[in-house]
Amino acid sequence: MPKTKRGRVLWSLPTRGRGTCPICTSTRIKLLYPKVKSDGTGVKVCKRCSKAPQIKVDAI
């Protein structure tokens, strides 16, 4: 049986959770992973950049 609810939560997000990653500047990519900068503000990044070092996160 197929799973009908898989990925359904993305439909409620603006632009289906897609955008431009602030770290690697990839366009039309899913931004689902939260990263916290040193000053406490949060940003959403792509899957590849979710493991980026803190130095790159602070540079944006």
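Colleague: Where is Thr25 found?

Modeller: Keep in mind that this is a predicted model. Look for β1 at 18-19 and β2 at 29-30. Thr25 is found in the loop between β1 and β2.

Colleague: And is Thr25 buried or exposed?

Modeller: Thr25 has a positive phi of about 55° although it is not a glycine. Its relative accessible area is 56%, and the cut-off for exposed is over 50%. So Thr25 counts as exposed.

Colleague: What about Arg28, buried or exposed?

Modeller: Arg28 lies in the loop between β1 and β2, and it has a positive phi of about 55° without being a glycine. Its relative accessibility is 72%, and anything over 50% goes down as exposed. Therefore Arg28 is exposed.

Colleague: Which residue in β4 is the bridge partner of Lys35?

Modeller: Start with the strands: β3 covers residues 33-36 and β4 covers residues 42-45. They run antiparallel, with four bridges joining them. In β4, the partner of Lys35 is Val43.

Colleague: How many residues make up the largest nonpolar core?

Modeller: Cys21 is one of them, along with Ile29, Leu31 and Val45 among others. Leaving aside neighbours within four places in sequence, Cys21 is in contact with residues including Ile29, Leu31, Val45, Cys46 and Cys49.

Colleague: Last one: Arg8 lies over the face of which residue?

Modeller: Arg8 is 4.5 Å from the ring centre, and the cut-off for a charge over a ring is within 6 Å. The residue with that ring is Trp11.

Technical notes
Residues numbered from 1 in each chain as written. Predicted model: local features only at pLDDT ≥ 70, side-chain atom pairs only at ≥ 80, totals over all residues. Heavy atoms only, no water. Lys NZ or Arg CZ within 6 Å of the ring centre and 35° of its normal. Core = buried A, V, L, I, M, F, W, Y, C linked by side-chain atoms within 4.5 Å. Buried < 20%, exposed > 50% of the residue type's maximum accessible area, 1.4 Å probe, protein only. Contact = heavy atoms within 4.5 Å. Pairing = 2+ DSSP bridges. Helix = DSSP H or I, 4+ residues; strand = E, 2+ residues; numbered from the N terminus.
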